[in-house]
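Please open the structure in your viewer and follow the stops below in order.

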Amino acid sequence: MKLTLLGRASQSSTSYEIQGDDLSVNLMSFLRSKGHPIASACYGEGVCKKCCILVNKEEIISCQIHLNSLTMGANYLIEIEYL
Ligand code: FES
């Protein structure tokens with residue numbers, strides 16, 4: 001699966017090909033591991049909703065979505081306003 005991250009503020013994009021080792025983490029953790037500063041005030045408990053991002057135009061709570069729940073072989077566009 002391919003994730004393309006678009007920072008709306010900077011209009012920059014980065015793409016990642018997701019491998020098997022990546023599937024055990026949630027989307028927020030994955031993006032942070034790649035150096036993207038995803039906002040959070042509840043440390044991934046799913047309470048603060050500061051980590052909400054757009055995935056294929058749908059708002060999701062990124063700490064609550066594990067990569068293994070996404071469809072293998074699909075392409076996902078992630079948009080973050082403040083990046
Ligand atoms: S980090 Fe708080 S809801 Fe995701």
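**Whole chain**

With 83 residues, a compact globule would have a radius of gyration near 12 Å, and the protein agrees, having 12 Å (taken over C-alpha atoms; the globule rule is 2.2 Å times the number of residues to the power 0.38). This is a predicted model, in which local features need pLDDT of at least 70, side-chain atom pairs count only at pLDDT 80 or more, and totals for chains, interfaces and linings use all residues. Residues are numbered from 1 along each chain as its sequence is written.

Show the C-alpha trace: along its principal axes it spans about 30 × 30 × 25 Å. Switch to a cartoon and read along the sequence to find the pattern β-β-α-β-β-β (helices are DSSP runs of H or I with at least four residues, strands runs of E with at least two, numbered from the N terminus).

**The sheet**

Select the strands next. They include an open sheet of 5 strands in the order β2-β1-β5-β3-β4, with mixed pairing (two strands pair if DSSP finds at least two bridges between them). β2 (12-17) and β4 (58-61) are at the edges with a single partner strand each, so one side of each has no neighbour in the sheet.

Now select residues 2-7, strand β1, which pairs with β2 in the antiparallel sense over 6 bridges. Thr4 stands opposite Ser15 in β2.

Go to Tyr82, in the segment after β5 (75-80). Is Tyr82 buried or exposed? Tyr82 counts as exposed because it has 11 C-beta neighbours inside 10 Å (exposed means 12 or fewer other C-beta atoms within 10 Å, buried 20 or more, partly exposed in between, with C-beta atoms placed from the backbone).
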